[in-house]
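Hi,

Here is the structure I promised to pass on.

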Amino acid sequence: MLSSSVWRGSSHWWFSTGLILGGVTAGLLAATLGSLVLRPILTYPMEVAAVVATLALISAREFGLLTFPLPQNGRQVPESVVLDGGAYGALHFGYEMGVAVRTFMTSGLPHALGAAVALLAGWPAALLAGAAFGLGRAWMTLARHWHDDPQAWDASLDSAEKRIKQALTVAVLIAASSVIS
Amino acid sequence: MPNAMRRRLTGPVTPAIVLVGVAALMLVGQISGIAFPLVAWVVFAISAGYAISGSV
């Protein structure tokens, strides 16, 4: 994806916009699911316990203490969508990836976010979290685009990816403690 | 901007450092009795998005 044709011209801005819009959609869907299905039947302590349990499992997985498959729709967004044009195609591609319905989950942190949004977030927080999720997805691809040596960037990511995800897990745990408290 | 600084700022590790740093500041604030719940959601969500952003 990092070397995708969406990076021609100004397409990366449309792609990033699509990611953020997709993330907002995912956030709204999670909040809607939580409001309509989960929160009417769960008490607040049960909601907190579910989020804490999810975070504990995901964190253990990220640090290699546990191994289990992550729920995912392991299909790629076909790159043919970018043939719809430099702007619309990139926007569409980004939107699909931002919603994360068709993607490979290389980390469980989005699952923890989804659980937290569904169970604990009000509508403003759900919208903000969704947009921020899309922004997070865009950050890596934009940073690589602006780096003056993509091959060195790729090599750096390959060697540091595990530590990056573990550091992000620490950030998530701290942030989640603030959300829950 | 000098090349070395640009490479550092746009490197793949920098976002993780920034997010951990912001989270650490939030933790200090929390201990001091100051909460930033919306900032917490942003840090949580950006971290989750960045964690899978290398995948398609």
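**The pocket**

Lining the largest pocket are 22 residues, with A26(A), A30(A), P110(A), L113(A) and G114(A) nearest its centre. (A pocket here is an open set of points on a 1 Å grid over the protein atoms alone, where a 1.4 Å probe fits, with protein on both sides within 12 Å along at least five of seven lines; lining residues have an atom within 4 Å of a point.) By class, that lining has 16 nonpolar, six polar and no charged residues, where Gly counts as polar.

Before going on: this is a predicted model, so local features need pLDDT of at least 70 and side-chain atom pairs pLDDT 80 or more, while totals for chains, interfaces and linings use all residues. Residues are numbered from 1 along each chain, chains are lettered from A and ligands numbered from 1 as written, and side-chain values use heavy atoms, without hydrogens or water.

**The interface**

Chain B puts 37 residues into the contact and chain A 51, counting heavy atoms within 4.5 Å. The area buried between them is about 3,900 Å², 76% of it from carbon and sulfur atoms; that is accessible area (1.4 Å probe) lost on being put together, summed over both.

Which side chains form the salt bridge? R7(B) and D148(A) do, at 2.8 Å, N to O (the rule wants a side-chain nitrogen of Lys or Arg within 4 Å of a carboxyl oxygen of Asp or Glu). One such bridge is found across this interface.

Cheers

Conventions:
Buried area = accessible area lost by both parts, 1.4 Å probe.
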